[in-house]
Amino acid sequence: MDVLEQAMYLHGVGSEFTKYTGEHVYFSHDTRKQALRCCDIDVSDIVALSAHNFEHDIAKWLKPVTDVSLVKEKDFRLSVRVPESDLDMLIGLEIPSLQINLQQKLIPDVLGDYRYNDIRYVEVGFHLPSIPIGYHNAKLTFKGEQFPTELWIVPSEAFGTDDGDKRVGLSIQLYSLNEKGNLGIGDFGDLKQLIQQSRGQLDYILLNPLHELFEDQPERASPYSPNHRCFLNPLYINLVEAVALATTDTGTQLSRIVEEASQTIKRASFIDYSEVSKIKYEVLGLLYRDYLTWNVERKERAYNEFLSYAVVAASEINEHELTQSHFYQWLAHKQLYDCQTMCERVGMGIGLINDLAVGCANDGEEFQEYRHLFANGANVGAPPDPWAEDGQDWGLPALDTKHLSLDNYAYFRRLIKSNMKGVGGLRIDHVMAIRRLWWCFTQEDGHRTGCYMYYPFEHLLSILLIESQLNNVMLIGEDLGIVPEEVRAALKESGIFSNILFYFEKDHLGQFVNPITYRTESLLMIANHDVPPFYGWWQSRDIELRYEYSLINDQKKDELLQERQLEIAKLCTWIHQHSGNQVTALCSPELVYEVLLKILAKSNARLLTVQLDDLDEATVPVNMPGTNLEFPNWRRKLNHSVEDIFNKKLELLKEVKELRTLNG
């Protein structure tokens, strides 16, 4: 292997992949070189490349331990690398926080080896006592020299995967809740109403990403292209609850503003983010001015609550007084925690499930704060697939595969911990990203291309498992699309739930598969935000919309309509096979949906997720993939209030819940 090829391998530059068609695709040499250039590596400098290779390969064998040492909870064995001639020497280990200080010889069983300068280095084990799950600073002493390392004690499984119960939950887009009292956008107050209306029929509520968006650019509404993923969107703050915290005079004034706004704001089918932001941030700004007048004791309580909610560095906060943005975060987290507490009070087994987007915007605060961790000129996306034959560029900056490990993966740890605050579960969008991501970039000749880049999978997976156990939060990995088998196997072994969409569960002949074949440890949905709601799918409303917005021509429209009728016919046959019900394309979508949901309620999947959009009989999608400004993505509201939806669909939910219990 030459120096350049070795640098590509060590930096995680992929060489080939299997396309969705089964075709084996090899990346060109020029494409792979450009991927390295995006990581600020001069591919023409052999000396620099050799130094890079030494750092990421040989240097790891010249010290007994690296900066991070992974230790599996099931065997408590620390891997140590030493020259073979030193195998008989004593090694000391000190963990000050746990008052552990021991000396012992190494386990002679060799786990791996490396030869450099005629010296054979071997990787062997060092027995540890039982240590709590988490991160522990340690010092290893070898031949009179000390080597610091951070011990990561990694659990075998994620939290909460062993009860075997079959659960029912609801999937919602929080902003779409259409309650009479809200200010044009669904908020945490509306979420509380939803929790109360569930009347014991739900075990969890799966949310859209709640990430902070752009206060100064309110029309940038996508929760999957956020400003900062470690913070919450202040637009979800319920102002009635927030105003109640203000002093008497200010509270009276703000209550009047909120009441007038709730009566005058437009009751349109789509959210006017500019109008909503103007009203909400005006009130929040006045609330912050009121906060500055609070007494010391009250400010201290708010400050301490904020520190318990948010995951921030000490350098980011003022001493004992919150900045304006952190005040907003305190309010948002406080209300989110109240929602999770209410879930527990009404008997939900899991409660809220948060959603972590795969990336951040390339001009947002998260990107600027961690700019040194990102590659230059590379975005993440997806390779060609049946829904995008030219591949996809999501416009999200790509993290450098090696820089991610800086400061012992502090960035990724903060990201995961932040999104586990105040919830009972975490869905990780495009979970394959912890193993590999498709990078999109421009080659020197101006050609737009891309390739897979591989990430430190074992370390990122370890962080997920550790944080899951430390925060008592279960994990769901969104694994739709092209997923490496090693990722699927690792998720299954680690107790991380898979994500199934009924629409996509087909055999090699294109027929819907038997639901008893679904993976048990999975979250099953009929649809999600990237595909049309069931009623819209049944009526081909999504195809009509694409035509109305000039996204397809007459010929393509006719082709898609014919394909949809074939899909509907397959579904009708499948329903008859699995329930005996005779349904046709002429049946009402309400009848077909209810029968479909009852069949899925008997499936093996432990988490059955019902879309609130489907209970609302929505036909318009919340997002139309492949569009940006052409369609009002992330703005569509529900047709009915939560109370009206539950009054109409409660009996269906009760029956689904009973079927889940009977088939548990």
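Which residues have the most contacts inside the largest nonpolar core? They are Ile172, Leu191, Ile205, Leu287, Phe327, Phe534 and Leu571, in a core of 121 residues. A nonpolar core here is a set of buried Ala, Val, Leu, Ile, Met, Phe, Trp, Tyr and Cys residues joined through side-chain atoms within 4.5 Å. Buried means under 20% relative accessible area, exposed over 50%, partly exposed in between (1.4 Å probe, protein chains only). Helix α7, residues 273-291, gives the largest share of this core, 10 residues. Helices are DSSP runs of H or I, at least four residues; strands are E runs, at least two; both are numbered from the N terminus. A second, separate core has 68 residues, including Trp438.

A word on the model. It is predicted: local features need pLDDT of at least 70, side-chain atom pairs count only at pLDDT 80 or more, and totals for chains, interfaces and linings use all residues. Residues are numbered from 1 along each chain as its sequence is written, and side-chain values use heavy atoms, leaving out hydrogens and water.

Now charges. The count is 41 salt bridges, each a side-chain nitrogen of Lys or Arg within 4 Å of a carboxyl oxygen of Asp or Glu. Take Arg414 and Glu316, at 3.5 Å, N to O. Arg414 lies in helix α11 (residues 406-419) and Glu316 in the loop between α8 and α9, so the pair ties together parts 98 residues apart in sequence. Arg414 is buried, at 8% relative accessibility. Glu316 is partly exposed, at 25%.

Lys334 and Glu305 also pair, at 3.1 Å, N to O. They join helix α9 (residues 324-345) and helix α8 (residues 296-309).
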